[in-house]
Amino acid sequence: MRASAELHGPWMSLPSTPEQYRAYVRRYARPDEESVLVCLRGSGAIAGVVNINSIIRGRFQSGSIAYAAFAPTAGQGYMTEGVTLVVRYAFEQLQLHRLEAQIQPDNHASINLVRRAGFRYEGCSPELLYIDGAWRDHERWAITNTMIDIAPTRPHATLPER
Ligand SMILES: CC(C)(COP(=O)(O)OP(=O)(O)OC[C@H]1O[C@@H](n2cnc3c(N)ncnc32)[C@H](O)[C@@H]1OP(=O)(O)O)[C@@H](O)C(=O)NCCC(=O)NCCS
């Protein structure tokens with residue numbers, strides 16, 4: 001994390017002390033949060049992390065996706081491959097219907113990534129998230145399971161169909 005701090009810049013802050021890391025691990029043990037590491041097949045090196053935050057079930061069946069590359073392997077397509085796999089995992093294994101990425105308009109690397117992964121632009125929300133000391137405007141990019149030919153998910157089993 002420390003070696004990648006410059007890459008993560010103002011966009012994303014990840015744990016860099018044992019205490020922060022323990023809190024992070026506790027957070028991702030909850031059923032409404034998932035954290036996945038992107039690793040290289042050959043060496044097992046960690047190329048990045050992809051989180052599915054704020055999973056809402058019921059009639060939403062949706063989550064918010066956030067990700068970061070690690071400096072030694074950034075810029076080689078591993079995160080595009082990782083995010084694409086996580087999208088499939090979210091739809092097929094977690095039975096989600098929609099994933100959304102909220103991205104600041106100047107974060108071109110992130111916008112390029114979601115474009116490559118097949119997300120579509122839905123609009124811009126002013127002052128959506130508190131990042132790096134201020135409420136920042138964010139573009140909203142999303143993908144649904146039907147956009148990649150996965151059968152539509154049903155609402156949560158406890159809900160009536162209509
Ligand atoms: C956003 C972020 C994860 C993107 O990481 P990345 O390393 O650019 O993504 P990838 O691993 O998919 O690599 C893409 C690059 O590899 C290139 N590439 C090479 N081979 C490729 C392949 N087979 N497939 C896709 N891209 C390939 C692409 O052209 C692209 O380079 P370019 O940007 O110069 O065009 C990274 O910039 C980051 O960690 N940023 C800070 C955290 C952050 O902003 N998170 C998102 C908050 S919304």
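A strand here is a DSSP run of E with at least two residues, numbered from the N terminus. Ser125 lies in one of these, strand β5, residues 120–131. Keep that serine in mind. One caveat before we go on: this is a predicted model.

So, Ser125. Is this residue buried or exposed? The cut-off for buried is under 20% relative accessible area. Ser125 comes out at 14%, so Ser125 counts as buried. What does Ser125 touch, once neighbours within four places in sequence are set aside? Arg136, Asp137, His138 and Arg140. With Arg140 there is a polar contact, side chain to side chain, at 2.9 Å.

Now to Gln104. You will find Gln104 in the loop between β4 and α4. Its relative accessible area is 13%, so Gln104 is buried by that cut-off too. Its contacts, again leaving out residues up to four places away, include Pro10, Trp11, Ile111 and Ile131. Arg136, Asp137 and His138 are also on the list for Gln104. Along the chain, Gln104 and Ser125 are 21 residues apart. Their C-alpha atoms are separated by 9.8 Å.

Helix α4 covers residues 108–116. Which of its residues are buried? Ser110, Ile111, Leu113 and Val114. They span an arc of only 160° around the axis, which puts them on the same side of α4. The background is simple. An α-helix has 3.6 residues a turn, so residues three or four places apart point the same way. On the other side of α4, the exposed residues are His108, Ala109, Arg115 and Arg116.

β1, residues 34–39, pairs with β2, residues 46–56. The sense is antiparallel, over 6 bridges. Ser35 stands opposite Asn51. Val38 stands opposite Gly48. The hairpin has 6 residues between the strands, and Gly44 there has a positive phi near 80°.

β2 also pairs with β3, antiparallel again, with 7 bridges. Here Asn53 is partnered with Ser64 in β3. This second hairpin has 5 residues between its strands. Gly58, in the turn, has a positive phi of about 60°. How many residues of β2 are buried? 8 of its 11, so to speak a mostly covered strand.

Last, the ligand. There are 21 residues around the ligand, and the nearest are Tyr67, Ala69, Gly75, Thr80 and Asn107. Look at the backbone in particular. Tyr67 places a backbone N or O atom 2.7 Å from a ligand nitrogen. Gly77 has a polar backbone atom 2.9 Å from a ligand oxygen. Met79 has a backbone N or O atom 2.8 Å from an oxygen atom of the ligand. How much of the ligand's area does the protein bury? Taken alone, the ligand exposes 940 Å², and the protein buries 68% of that.

Terms used. Residues numbered from 1 in each chain as written. Predicted model: local features only at pLDDT ≥ 70, side-chain atom pairs only at ≥ 80, totals over all residues. Heavy atoms only, no water. Buried < 20%, exposed > 50% of the residue type's maximum accessible area, 1.4 Å probe, protein only. Helix = DSSP H or I, 4+ residues; strand = E, 2+ residues; numbered from the N terminus. Arc of directions from axis to C-beta. Near = heavy atom within 4 Å. Polar contact = N/O pair within 3.5 Å; in protein donor to acceptor, adjacent residues only side chain to side chain. Areas by Shrake-Rupley, 256 points an atom, 1.4 Å probe, with all protein chains shown as cover. Pairing = 2+ DSSP bridges. Contact = heavy atoms within 4.5 Å.
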